[in-house]
Amino acid sequence: MYGADVEQIAIQLNEDPQKLADFEARIARGEKIEPGDWMPAEYRRQLIRMISQHAHSEVVGMLPEGAWITKAPSLRRKLILLAKVQDEAGHGQYLYHAAETLGATREEMLDALLDGKAKYSSIFNYHTTSWADNGAIGWLVDGAAILNQTMLARCSYGPYSRAMVRICMEENFHRKQGQEMIILYSQGTPTQRAMVQDAITRWWWPTLMMFGPHDADSPNSGVLIRWGIKTRTNDELRQDFINQLVPDLQACGIVLPDPDLHYDAASKNWRTGPINWDEFWAVLKGNGPANAERMAARRQAHQDGQWVREAAAAYAAKSELQVN
């Protein structure tokens, strides 16, 4: 799972004009850029920043749902959730590998996360307070992520594009299991219906924020679209998500927490009220409900894994001596 790119940066190009023109011509022809190909330094930097942020989001994203593995209401639900959390760990590994093809090291990326310099998706800084939250995350959060990731599966950088093809297939499973949970519970007992309504009410707005700031406030989009890393804007993806989810959730009898929500027949779009961007930026800057808890868990996990890294390094050194 993952949201959109949110970090604001300045863009500066100082490249050979002919090489840059040839590079952009390849992208215009739909060719993939591979690790050994010439690329602008800014293209490389943008990709490392985006892919590592994406990898961090997958790894941190295991935490909100992982807390519910031991509380699953049935063996079937436990097995599904175990598989889903395991998938997210695998997605993080694919993506760290993709970023490494650009020259970034795993240690640099993890240090940036643990030092608080690197971002991850804001959505994971909210607590999961009931079992129905796992359904809401599956249908809403993973559903939103799929829209973004399907776009990235067509991006210009080969390793990132190919990683996203497999990730999207697994994320579709995640979305469907969440959808099944919400539909089932929305037709269940009064307690189950209330639990689902509460979960959707809490996750609706943070999910819309996942797509990132409005296009007018997203300075990265221009260069990312120019170089084929992104092919659609934050607002375009957000509108698609709203149009898909509103009718389906309303069909379940769920009331969305937006008094301004209405259907615009002229544009054939569902229109929402204003998004609370003050909340979004506060969460992104580390002041969300669970920021401190998430980072403490990641730092503890990194510290607990130190002996594994040391053992692996010792084994690799011993193997190299035997070969030589």
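Predicted model: local features only at pLDDT ≥ 70, side-chain atom pairs only at ≥ 80, totals over all residues.
**Exercise 1: the largest cavity**

Find out which residues line the largest cavity, and which helix gives the largest share of that lining.

*Solution*

Step 1. Start with the cavities themselves: the structure has 3 of them at 30 Å³ or more. The largest cavity holds about 60 Å³ of space.

Step 2. Glu65, Arg77, Ile80, Leu81, Lys84, Trp131, Asn134, Gln177 and Met181 make up the lining of the largest cavity.

Step 3. The largest share is from H4, with 4 residues.

Step 4. Sort the lining by type, and you get 4 nonpolar, 2 polar and 3 charged residues.

**Exercise 2: a pair of helices**

Work out how helix H8 and helix H10 are arranged: roughly parallel or roughly antiparallel?

*Solution*

Step 1. Locate the pair: H8 covers residues 190-209 and H10 covers residues 234-251.

Step 2. Check the geometry. The two helices pack at an angle of about 165 degrees, and their axes are 11 Å apart.

Step 3. Use the cut-off: angles over 145 degrees count as roughly antiparallel. So H8 and H10 are roughly antiparallel to each other.

Step 4. Zoom in on the contact. From H8 come Ile200, Trp204, Thr207 and Leu208, and they meet Arg238, Phe241, Ile242, Leu245, Val246 and Leu249 of H10. By type, the residues of this contact are 8 nonpolar, 1 polar and 1 charged.

Key
Residues numbered from 1 in each chain as written. Heavy atoms only, no water. 1 Å grid on protein atoms, 1.4 Å probe; cavity = no way out; pocket = protein on both sides within 12 Å on 5 of 7 lines; lining within 4 Å. Points joined across faces, edges and corners; volume = space filled by probe spheres on them. Nonpolar A, V, L, I, M, F, W, Y, C, P; charged D, E, K, R; others polar. Axes fitted to C-alpha atoms, helices over the stretch in contact; angles between N-to-C directions. Parallel < 35°, antiparallel > 145°, perpendicular 65-115°, else oblique. Contact = heavy atoms within 4.5 Å.
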